[in-house]
Amino acid sequence: MINIGERIIQLRKARNWSQDDLAKRVEASRVMIGKYERDDNSPSVEVIVKLAKATGCFSGLFTW
């Protein structure tokens, strides 16, 4: 099973976005995006919703 961090990386790279690009779209810092991708921190429900909207994906993709 793929974890949230790996899912964020896949979706970000599929759009050719840098961590900074994604951070701006979800109103987070680049450092936090990196922590989410490394699974050092888990995104809140609010951030998951923002990630889903930014990437055009169903928020359930981040919670498997």
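User: What share of the 64 residues is buried?
Analyst: Buried residues make up 34% of the 64. Keep in mind that this is a predicted model.

User: Which residues form the largest nonpolar core?
Analyst: There are nine: Ile-8, Trp-17, Leu-22, Ala-23, Val-26, Ile-33, Tyr-36, Val-47 and Leu-51.

User: Which elements give two or more residues to this core?
Analyst: Helix 2 (19–26), helix 3 (30–37) and helix 4 (45–55). The largest share, three residues, is from helix 2.

User: Back up a bit. How many helices and strands are there?
Analyst: Four helices and zero strands. Along the sequence the pattern reads α-α-α-α.

User: What about the radius of gyration?
Analyst: The protein has 10 Å. A compact globule with 64 residues would have a value near 11 Å, so the two agree.

User: What does the C-alpha trace span along the principal axes?
Analyst: About 25 × 25 × 20 Å.

User: How much of the contact set comes from residues 24 or more positions apart?
Analyst: Such pairs account for 52% of the contacts with a separation of 6 or more.

User: Is Glu-6 exposed or partly exposed?
Analyst: Partly exposed, because its relative accessible area is 39%, and exposed would need over 50%.

User: Now Ala-54. Where does it lie?
Analyst: Ala-54 lies in helix 4. At 23% relative accessibility it counts as partly exposed.

User: What does Ala-54 touch, leaving out residues up to four places away?
Analyst: Trp-17, Leu-22, Arg-25 and Val-26. Trp-17, Leu-22 and Val-26 are among the core residues.

User: How far is Ala-54 from Arg-12 in space?
Analyst: 9.7 Å, C-alpha to C-alpha. In sequence they are 42 residues apart.

User: And Ala-14 to Ala-28, what is the C-alpha separation there?
Analyst: 20 Å, for residues 14 apart along the chain. Ala-14 is found in helix 1. Ala-14 counts as exposed, with 59% relative accessibility.

User: Switching to backbone. What is the phi of Asn-16?
Analyst: Positive, about 55°, although Asn-16 is not a glycine. Asn-16 is placed in the loop between helix 1 (4–14) and helix 2.

User: Why flag a positive phi?
Analyst: Because most residues other than glycine have a negative phi.

User: Is Asn-16 buried or exposed?
Analyst: Exposed, at 70% relative accessibility.

User: What about Asp-39, what is its phi?
Analyst: About 60°, positive again, and Asp-39 is not a glycine either. Asp-39 sits in the loop between helix 3 and helix 4. Its relative accessible area is 37%, so it counts as partly exposed.

User: Last one, charges. How many positive and negative, and how far apart are their mean positions?
Analyst: 11 positive and 8 negative. Their mean positions are 3 Å apart.

Terms used:
Residues are numbered from 1 along each chain as its sequence is written. This is a predicted model: local features need pLDDT of at least 70, side-chain atom pairs count only at pLDDT 80 or more; totals for chains, interfaces and linings use all residues. Side-chain values use heavy atoms; hydrogens and water are left out. A nonpolar core is a set of buried Ala, Val, Leu, Ile, Met, Phe, Trp, Tyr and Cys residues joined through side-chain atoms within 4.5 Å. Buried means under 20% relative accessible area, exposed over 50%, partly exposed in between (1.4 Å probe, protein chains only). The radius of gyration is taken over C-alpha atoms; the globule rule is 2.2 Å times the number of residues to the power 0.38. Contact means heavy atoms within 4.5 Å. Lys and Arg count as positive and Asp and Glu as negative; His and the chain ends are not counted. The place of a charge is taken as NZ of Lys, CZ of Arg, CG of Asp or CD of Glu.
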